[in-house]
Amino acid sequence: MVQRPPRVALHITCVNDTLYPRTGRAVVTLLERLGVRVDFPMAQTCCGQPFLNSGYRRRAEPLVRRHAAAFRGYDHVVTPSGSCAAMVREQHPRVAARSGDDGLTAAVAEVASRTYELTEYLVDVLGVTDVGAHYPHTVTYHPTCHGLRTLGLGDRPRRLLEHVKGLELRELPGAEECCGFGGTFAVKNPAVSAAMGRDKARAVTATGARALCAVDNSCLMHIGGVLTRQGSPVRPVHLAEILAATEGDAR
Amino acid sequence: MSGPVPLGMPAFPDAAAVSTRDARLRATLRHATRTIRAKRGAAVAELDDWRQLRAAAAAVKDRTLRHLDHHLVRLEERVTAAGGTVHWAADADEANRIVTALVRETGEREVLKVKSMTTQETGLNAALAEAGVRAYETDLAELIVQLGDDLPSHLLVPAIHRGRSEIRGIFRDRMADWGRPAPAGLTDRPADLAEAARLHLREKFLRARVAVSGANFMVAETGTLVVVESEGNGRMCLTLPETLISVVGIEKVVPTWRDLEVYLQLLPRSSTAERMNPYTSMWTGTTDGDGPRAFHLVLLDNGRTDTLADAVGRQVLRCIRCSACLNVCPVYERAGGHAYGSPYPGPIGAVLTPQLRGTASALEESLPFASSLCGACYEVCPVAIDIPEVLLHLRERVAEGGEATVRGVRAVVRPARRHALERGLMAAAGLTLQHPGALRSGQRLAARLRRLRPRRLPGPGRAWTDSRDLPEVPEESFRDWWARTRGGASS
């Protein structure tokens, strides 16, 4: 019997789509290199997290509905964001339950159970930790909160990084502490958010690494914004971009 | 919840904007919370069954809260049968009136206090002072706060915001106003400070005839109250005076001693990182010739029944006031406890205060937003309160409005007026995101304007650019790249 290859969809996230397309291109490059054919459903927009986390559950609901419809029928949905994966898996079912719409609840459960953050997809589904990447730089890794605590990514990102040729991983002190982004928290409580961001950026710079890596560009946007404001030479890089890099790349 | 709310208390972001600039406070809190955080982690790691204990603790509290009326009536019967008197207080004012009247009946003009969050919540000391009764705090940190005319900033260590030399100054300058003065030449060595407090308090322990306490737990099956503490001041207050008055929130009841066992394992490790706290006092009514001759239990509601009516919010009533969530919270560490404008600071305060007091004022309305939703609080909570879930629930109440129970009556909560502009922006953004074409137009507009990357934004945008650079906008969004390179391969 010939097995049908799985249908895999990329959930790019609105932040990556708009501000970090290179991360999306890196995911496509990486997955195709590993033999996965990736689809990009154009109907996707935003998972609704900024709305829900700001208290606008009713505004999030139609986006939850749109998301479930856009990714219906795929075997796997892969997203380069711990935070958005956590939103889909943890919060979409709650939003659907509150809507009282059984159809939505079923649709959401279907997509939620097939949604993977990128490192989960690589390690758990594809079963690879060596993705054939080459990145000859010093790197420090910040485990972002929703990946760390909601998804329980554990050492998956680290195992992937450890197999990247040329990469030297530097320990980040206080790594598991929040960077202070927190979505709208960053502008609703700017003083505390910035204080947390400065502490994180100082710890990052002190590692002496050239790059700061994470699985969420939203957190990297915040830490990176503080780093450049502090004049730090460290540059933020999404994990997908490191894993997509190969020997031939001019970097 | 009635009780004292400092007038004109600023919203959390404004208060935190001031406290985060206080370098000394930041350093003190950073050191204190990190020390206890590490110790707690080690103490918890010693137990193989921590997860099961945590699940049991949540389940026992949930089951008890479902039949709270039954357990409270049983408790009342047992306390009464053991020689105590039970009083029911619907709110802070009623609790304060009951306690004041009981103290007056004794003819005394002073009372000893055992550290109690509940009487902080009701503002008992101020109510007693108005009635001409002086209340003496006997917990070391509460003493520092009281002598310094200060407010507590932490559940367990109310003076966590004070350093040693400040404490020495407070003792030197203020002890004489409250009783025995500080010894001459007092240093800021911890042992000397503790000895000064000991001498100051000793004469009060030996003199006072009335004490007021809270309780960590009340065991319904025998009518037994439990106080856990470290310093021994509680033991003094609970045994030496003739009259003992305990003010306790109704959610502190557990049905049986078997249930209590679970919490006595979780609480010390979570709060002080100890396997067992030094003093655990338990008493059942009164006993002839041993301890107080009169015992009064004041059961306080003050918003708890209303909180119990909320399906999502009621889990906060499991709280055993261990303060593990404060010690691990990066927001608390930077903002400090006073910014929360309540005796209940930190993550638990952000979900407890708006439920007990309502979300009508600028302060309470801001508390559910005083979190980056990092989830560290939920991870350490020994009774598994999903604080991020409750925060989102309360944010919704503020932003979109909803229903809440106020004094037993279902009430409609209107969306907060201060969020009107945000509501408009959210509506517009929500509409745009319903149309991928509109999103695409927005992305293209942003790409065309990408060279105008201002270092500082005006107006509300300053909240970002005051401390962070803006990200660069790419020439082409991902969806445009996909459409261009894989054109129409997908729907």
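This is a predicted model: local features need pLDDT of at least 70, side-chain atom pairs count only at pLDDT 80 or more; totals for chains, interfaces and linings use all residues.

**Entry: chain A as a whole.** With that criterion in hand, I found that buried residues make up 61% of the 251 residues in chain A. I then went through the secondary structure of chain A, which comes to 13 helices and eight strands. For the overall form I looked up the radius of gyration of chain A, which is 18 Å and close to the 18 Å that the globule rule gives for 251 residues, so chain A is as compact as a globular protein of that length. Along the principal axes, the C-alpha atoms of chain A fill a box of roughly 50 × 50 × 30 Å. I looked at sequence separation as well: among the contacts in chain A between residues at least 6 apart in sequence, 77% join residues at least 24 apart.

**Entry: the domains of chain A.** I recorded a division of chain A into domain 1 (8-125) and domain 2 (138-244), and the C-alpha centres of these two domains of chain A lie 22 Å apart. Across the boundary, 26 residues of domain 1 of chain A are in contact with 22 residues of domain 2 of chain A. Which elements supply the domain 1 side of this contact in chain A? At least two residues each come from helix 1 (14-19), helix 2 (21-33), helix 3 (49-53), helix 5 (82-99) and helix 7 (118-125) of chain A, and helix 2 of chain A gives the most, with six residues. Sorted by class, I have 12 nonpolar, 10 polar and four charged residues on that side of domain 1 of chain A.

**Entry: chain A against chain B.** I turned next to the contact between the chains, which takes 53 residues from chain A and 50 residues from chain B. Among the elements of chain A that give two or more residues to this side are helix 1, helix 2, helix 4 (57-70), helix 8 (145-151) and helix 12 (217-229), while the largest share, seven residues, comes from helix 11 of chain A. By class, I noted 27 nonpolar, 15 polar and 11 charged residues on the side of chain A that touches chain B.

**Entry: the domains of chain B.** Finally, I recorded that chain B is divided into domain 1 (47-300) and domain 2 (450-486), with the C-alpha centres of these two domains of chain B lying 54 Å apart.

Note on methods. Residues are numbered from 1 along each chain as its sequence is written. Chains are lettered from A and ligands numbered from 1 in the order in which they are written. Domain bounds come from an automatic or database domain assignment. Two residues are in contact if their C-beta atoms, placed from the backbone, lie within 7 Å. Helices (H or I, at least four residues) and strands (E, at least two) are DSSP runs, numbered from the N terminus. Ala, Val, Leu, Ile, Met, Phe, Trp, Tyr, Cys and Pro count as nonpolar, Asp, Glu, Lys and Arg as charged, and the others, Gly among them, as polar. The radius of gyration is taken over C-alpha atoms; the globule rule is 2.2 Å times the number of residues to the power 0.38. A residue is buried if 20 or more other C-beta atoms lie within 10 Å of its own, exposed if 12 or fewer, and partly exposed in between; C-beta atoms are placed from the backbone.
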